[in-house]
Number of protein chains: 2
Amino acid sequence: MKIAFLGPQASFTQLATSQIFPNEELLPQSNILDCFKAVQDDWVEKAVVPLENSIEGTVSMTLDYLYDFDGIFVETEVVMPISHQLMIHPDNTEIEKIYSHPQALAQCYHFLDKEYKDVIKQEFGSTAAAAKRVAENPEKKYAAIANSYAAKLYGLKIIHQNIQDIEQNHTKFIVISKKGERLNLSQNKITEKTSLIITLPEDHAGGLHQVLSVFAWRKMNLTKIESRTLKTGLGNYFFFINVANEWHPVLSNNALEELKSLGTEVKFLGHYNEYLLEI
Amino acid sequence: MKIAFLGPQASFTQLATSQIFPNEELLPQSNILDCFKAVQDDWVEKAVVPLENSIEGTVSMTLDYLYDFDGIFVETEVVMPISHQLMIHPDNTEIEKIYSHPQALAQCYHFLDKEYKDVIKQEFGSTAAAAKRVAENPEKKYAAIANSYAAKLYGLKIIHQNIQDIEQNHTKFIVISKKGERLNLSQNKITEKTSLIITLPEDHAGGLHQVLSVFAWRKMNLTKIESRTLKTGLGNYFFFINVANEWHPVLSNNALEELKSLGTEVKFLGHYNEYLLEI
């Protein structure tokens with residue numbers, strides 16, 4: 001089976017993808033749009049894209065494409081703790097310059113300030129590319145901040161583990177496809193959820209409140225809500241909503257019917273499991 | 001006055017910043033965290049950071065830092081249409097390779113597919129860096145997709161204007177400071193708004209609905225809502241909310257009091273104007 005993912009090689013997205021699909025053919029794409037197109041045009045069966053907190057790619061684009069593309073569904077969501085490793089070429093011991101993505105450097109601010117205050121920090125396009133640069137320049141005193149997969153792929157030696165300032169930082173990815181099967185993975189299941197995209201008829205006061213009432217009196221809990229401006233103009237919005245827990249067919253179908261009767265457009269993206277990946 | 005902004009030079013953020021503060025000293029920062037730190041530590045008076053739709057920097061970080069940093073307020077929000085220009089070195093006429101940020105290449109997909117189908121597209125860390133690369137290699141048949149400011153700064157010639165696929169695409173920036181003055185700019189004012197960060201006491205069904213009721217019955221319209229996971233754990237959230245239109249002191253203060261009495265934490269980020277920039 002062919003699986004597209006947001007590249008480059010050794011990105012965090014690949015790290016997640018290789019855990020979800022350890023035995024499939026993984027095809028890196030250069031942007032999130034290409035991942036959606038690959039699914040739509042049947043070049044691949046599924047794709048893995050970042051949904052939240054990613055340092056690789058503008059994830060609001062993921063929400064916009066879920067709105068734009070018809071017939072593409074969510075099969076699972078995975079949560080991956082963000083772990084940054086400081087790595088050098090195995091022939092080296094000294095460090096004069098540390099390469100990484102600006103956001104990764106920011107996430108390791110306190111560690112770098114304490115341990116490598118006077119070392120030059122050099123921003124790079126991605127953490128994976130930073131690791132590659134270190135690997136390709138064994139004679140230079142370079143280090144990179146990247147993930148453990150990048151260290152392995154490029155034969156680098158990790159000299160400080162988990163150097164990010166915030167232990168609980170994580171990033172989220174979703175698996176998308178045309179079929180919208182509910183994926184069952186062997187990883188730890190956190191919860192089940194349902195994703196909907198709701199477009200209000202117009203930008204009127206209390207419209208969103210009315211929509212949320214449909215869920216509230218049914219005690220259906222929302223765990224994510226994000227408004228996105230429609231590209232048709234500045235004043236119109238759609239909402240990406242996650243409803244927590246199990247999907248009761250009667251209750252849920254009634255809720256969807258009620259939403260439609262309020263004049264909203266509802267796009268059902270899937271009811272699926274959320275898993276916690278380990279790295 | 002010193003103003004920090006999310007760099008590099010000739011980024012879209014600088015393009016916005018130079019329009020908001022045409023006569024001030026502008027200091028590029030390598031990430032959004034450094035922009036917040038610069039304000040907090042009084043190295044600068046204000047900073048300009050992306051809030052939505054940016055191709056430069058993970059803007060969910062902006063929401064997290066607005067939550068994390070105490071005593072930093074929003075002074076204004078500006079909306080900038082995203083306009084991509086195809087540019088070459090003035091000594092050149094042919095194009096063999098087009099450099100740009102992956103997201104910018106994605107946003108010009110239809111144009112590139114129609115006009116430059118067989119030309120190599122090379123991803124680069126930022127649109128500004130792509131323009132710089134073209135400027136530094138006049139002997140090569142390179143082109144870049146970047147903004148008009150980058151073309152000017154690096155002496156490049158724009159050969160196709162506004163090549164993005166979607167006319168209405170735009171990006172949003174905010175000006176932050178410790179003072180939280182309400183900025184008055186000469187640009188076209190779109191609206192007024194108030195930004196709040198609301199933290200629910202726990203993740204209970206209908207909690208958000210209850211919060212929105214406070215605004216709904218007062219006919220205070222919400223124009224943006226975004227939930228963000230707290231870094232203390234996977235199950236806890238805060239909400240970034242924009243309330244539209246004028247800020248009625250009595251109505252609004254009552255609303256804030258009511259929110260607090262529901263057990264929520266409310267952080268007032270500012271009541272400010274939103275402007276439309278032209279490029």
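Mentor: Let's begin with a rule: two strands pair if DSSP finds at least two bridges between them. Strands themselves are DSSP runs of E with at least two residues, helices are runs of H or I with at least four, and both are numbered from the N terminus. Please keep in mind that this is a predicted model, in which local features need pLDDT of at least 70, side-chain atom pairs count only at pLDDT 80 or more, and totals for chains, interfaces and linings use all residues. Residues are numbered from 1 along each chain as its sequence is written, chains are lettered from A and ligands numbered from 1 in the order in which they are written, and side-chain values use heavy atoms, leaving out hydrogens and water.

Trainee: Then what makes β11(A) and β14(A) a pair?

Mentor: Eleven bridges join strand β11 (residues 188–199) of chain A to β14(A). The rule asks for at least two bridges, so eleven is enough to call them paired. The two strands run antiparallel, and Thr194(A) stands opposite His271(A) of β14(A).

Trainee: How do you know that β4(A) pairs with β14(A), and in which sense?

Mentor: Strand β4 (residues 73–81) and strand β14 (residues 265–276) of chain A share four bridges, and the sense is parallel. One place to look is Thr76(A), which faces Asn273(A) in β14(A).

Trainee: What joins β11(B) to other strands of chain B?

Mentor: β11 (residues 188–199) of chain B has eleven bridges to β14 (residues 265–276) of chain B, running antiparallel. There, Asn188(B) sits opposite Leu276(B). β11(B) also has seven bridges to β13(B), again antiparallel, with Ile198(B) and Phe239(B) as bridge partners.

Trainee: Why is the link between Lys178(A) and Asp42(A) called a salt bridge?

Mentor: The term requires a side-chain nitrogen of Lys or Arg within 4 Å of a carboxyl oxygen of Asp or Glu. The closest N and O atoms of Lys178(A) and Asp42(A) are 3.1 Å apart, so the pair qualifies. It links distant parts of the chain, 136 residues apart: Lys178(A) lies in the loop between β10 (170–177) and β11 of chain A, and Asp42(A) in the loop between α2 (32–40) and β3 (46–52). Over all chains, the structure holds 36 salt bridges.

Trainee: How many salt bridges cross from chain B to chain A?

Mentor: Zero, by that rule. Nine residue pairs are in polar contact between the two chains, both residues at pLDDT 80 or more. A polar contact is a pair of N or O atoms within 3.5 Å; within protein, one must be able to donate a hydrogen and the other to accept it, and residues adjacent in sequence count only if both atoms are side-chain atoms. β12(B) gives the most to the side of chain B that touches chain A, with eight residues.

Trainee: How is the size of that interface given?

Mentor: As buried area, the accessible area (1.4 Å probe) that two parts lose on being put together, summed over both. Chains B and A bury about 4,300 Å², and carbon and sulfur atoms give 56% of that area. By contact (heavy atoms within 4.5 Å), 51 residues of chain B meet 52 residues of chain A.

Trainee: And what makes domain 1 and domain 2 of chain A separate entries?

Mentor: Their bounds come from an automatic or database domain assignment. Domain 1 is 2–81 + 170–276 and domain 2 is 85–160, with C-alpha centres 33 Å apart. The contact takes ten residues from domain 1 and twelve from domain 2 of chain A. About 860 Å² is buried between these domains, 69% of it from carbon and sulfur atoms. Ala10(A), Leu15(A) and Ile55(A) supply 60% of what domain 1 buries there, more than any other three residues. The count of salt bridges between the domains is zero, with one residue pair in polar contact.
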